[in-house]
Amino acid sequence: MSAQTATPSTTPTGDRTPDGGATPGWAVLGPGGIARRFLSQLPASTGILVAAGSSSPDRAQAFADEAVEHGFADVRAGEYDAVLADTAVDAVYVSTVHTGHADLVLRALDAGKAVLCEKPLAPNHGTAMALVDAARQAGLPLVEAYMYRFHPQTAALLDLVRDGVVGRVTHVDASFAFRSGERTGRLFDVATAGGGILDVGGYPVTMAAAVVQAATGVAVAEPVELSATGTLGPTGVDEWTVAHLTYRDGTTASVRTGVRVQDENAVTVHGTRGRIVLTDPWTLSADPTITVHTVDEDPRTLSFAGAEPYALEADATTAALASGAVEAAQMTLDETLATARTLDRWRAAIGLRYPFEAETADVPTVSGRPLRVRDDAPMRYGEVPGVGKRMSRLVMGVDNQPDLAHASAIFDMFVEQGGNVFDTGYIYGGGVLEGRLGRWIQNRGIRDDVVVITKGAHTPYCDPESLTRQLLESLDRQGTDHADIYMMHRDNPAVPVGEFVDVLDEHRRAGRIRVFGGSNWTPARFDEANAYAAANGRHGFEVLSNHFGLAEAYDVPWDGCEHATDPASKRWLEERQVPLLPWSSQARGFFTGRAAPGDTSDAELVRCYYSDDNFERLRRARELGEQYGVPATAIALAYVLHQPFPTFPLFGPRTIAEARSSMTGLSVELSPEQVAWLDLRA
């Protein structure tokens, strides 16, 4: 039967079991050269090709016609939406240009399909993070198609490393580079994320990580140090580059890639007792081999003939679907995210940033759809008089976002979950971070919907003149004319408090500030400021941002900080009903499992939180967490949210996964008795 135009199929997909159930149905989205390699090996898998999708119906039809030669007769061809609506399709192979992956991955997950996506999953970690989150929320497999990771040669290499055949691994040398004849096409186009690092540089990076993982037993190995040199060509992409990686255990790696220089494209693993050499680690010919050289025996060669890596990665994807997993063990989602971070760092080290990633770029949502709050958003809300907007009880800290793509992805997720308050400071990232927040707000067109907390006047520039200068500069960086809440980042007791109140009141009356207060101010100094304001017809301090949480603080992480975890401060907050915006509400990792009485490796944790009382609080948080089915960190956050005074805790997640973990605390309802019990008052 000849190929036909795609129409949604009514053929049932069966129970999707890889061992005797319905045959998995595959669709290819993006019928280019790599897709044809996938097609050539798919007959060796347990699945069949049922559809081909493209933005060009003619290209889809041509691919469907070619599929007949590989034994797939009834392949429907059409545009992406028609293919994704086909109920005969269980899994899709996304093989468009790099910049086209995100849209198709999300559309496929929305359609309920498992996804095998060509590497790189996305051009940067921010976008990859959003795609991984979407897969985890959908409960569907997402597999990055580093096909060599599924080949028995790679599995054998990692077994040799685990078994210590060459002793302790000390260094990995890996390369994948080739010479392209002309500087044309997607490889040399910055608009499609061209260059060697994203096209094939991920191969040596993921191989080095896999070797370190096998050698050390860690689930994900990511370099703690990375340096690189390289050449950007006339079109703006990387044409040749070398990176040097150092891992936590001391293992080093040298990785090379490029699109204008041919390399040997091999892998050598060096150990204290010898070396292992793979001369064909990536393209995997009909009979790739491993040669083992050790001090104890003559060189020996292992052969791995006959394997079809594209078929193996396809089967791993559909096996994950059948088992209800969201990833394949050969290339986990956490490995994909670590790889994306490493590739970002490699590009940054040689000065490569694509125009669509620039700090001034109009970075859209990863889905391309308008940003909106989800119907099932878990957020709680409160109000601070004078702000004029409902405020999310959780406040996103703007201090952990390395670039605009990352910031956009995590800020978008926060808004989708109902968040609308952002905390930034003049000193964060030397001003880059508050500018990044402002750019994102402008890109989304939501200035009237969000509450921006701006902080300034940090030591040593904590005086009225610096306050004014920094406020105006912060507003300019953010591209706005006002701060919803402005807080002095520190106090300076050497300055009469009235001088600070006068200048803050002036800016409030001018409309540059709606509400003001202090971060790291003592209750006594706060009261002094408000007594001055009342006596002189000024607006007073209305918010406080000090260290507060379930763990009592015996010291603070940085000089000039103030905490409000002692009983006297808690009584003061309850009596005054001052809205508190606490930082480090989860005690800088004390409740994450990093703290243990016998572990004194983290000097800051020991200095600030170690005590019998705090470890009892930790024990009780864990006990209550088991009852609620949430981690102790969620109980610690719920404790802050259930205080007898208004609280809007700040949190600073570095990833979407961290943000989701923290947000589980929003679902926890605590009684006053439970709050007292957690705080050892009952």
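This is a friendly conversation about how some labels in a predicted model are decided.

Colleague: What should I know before we start?

Modeller: The model is predicted, so local features need pLDDT of at least 70 and side-chain atom pairs count only at pLDDT 80 or more, while totals for chains, interfaces and linings use all residues. Residues are numbered from 1 along each chain as its sequence is written, and side-chain values use heavy atoms, with hydrogens and water left out.

Colleague: How many disulfides are there, and how do you know?

Modeller: A disulfide is a pair of cysteine sulfur atoms within 2.5 Å, and by that rule the count is zero. Take Cys462: the closest cysteine sulfur, in Cys561, is 13 Å from its own, which is too far for a bond. Cys608 is in no disulfide either, as its nearest cysteine sulfur, also that of Cys561, is 9.0 Å away.

Colleague: Why is Cys608 called buried?

Modeller: Buried means under 20% relative accessible area, exposed means over 50%, and partly exposed lies in between (1.4 Å probe, protein chains only). Cys608 has 0%, so it is buried. Cys462, at 3%, counts as buried too.

Colleague: What makes Asp334 and Arg136 a salt bridge?

Modeller: The term asks for a side-chain nitrogen of Lys or Arg within 4 Å of a carboxyl oxygen of Asp or Glu. Here the closest N and O atoms are 2.9 Å apart, so Asp334 and Arg136 qualify. The pair links distant parts of the chain, 198 residues apart: Asp334 sits in helix 9 (residues 333-349) and Arg136 in helix 5 (residues 125-138). Helices (H or I, at least four residues) and strands (E, at least two) are DSSP runs, numbered from the N terminus. In the whole structure there are 47 salt bridges.

Colleague: Why is Asp296 called exposed?

Modeller: Its relative accessible area is 56%, over the 50% limit, so Asp296 is exposed. Its salt-bridge partner is Arg273, with the closest N and O atoms 2.4 Å apart. Arg273, at 35%, is partly exposed.

Colleague: How do you know that Asp602 and Arg594 form a salt bridge?

Modeller: Their side chains meet at 2.2 Å, N to O, and the limit is 4 Å. Asp602 counts as partly exposed at 23%, and so does Arg594 at 42%. Elsewhere, salt bridges that share partners join Glu552, Lys570, Arg617, Asp679 and Arg681 into one network.

Colleague: Why is helix 19 described as largely enclosed?

Modeller: Ten of the ten residues of helix 19 (residues 632-641) are buried, so the rest of the structure largely encloses it. Among them are Ala632, Tyr639 and Leu641. The buried residues pack against several helices, including helix 15 (567-576) and helix 18 (612-628), where contact means heavy atoms within 4.5 Å.

Colleague: What makes a set of residues a nonpolar core?

Modeller: The members are buried Ala, Val, Leu, Ile, Met, Phe, Trp, Tyr and Cys residues joined through side-chain atoms within 4.5 Å. The largest such core has 140 residues, and Leu49 and Phe422 have the most contacts inside it. Helix 7 (residues 196-216) supplies the largest share of this core, twelve residues. Not counting residues up to four places away in sequence, Leu49 touches Trp26, Phe63 and Val75, among others.

Colleague: Which residues does the second core include?

Modeller: This separate core of 56 residues includes Phe526, Ala587, Ala634 and Ala636. Of these, Ala634 and Ala636 are buried residues of helix 19.
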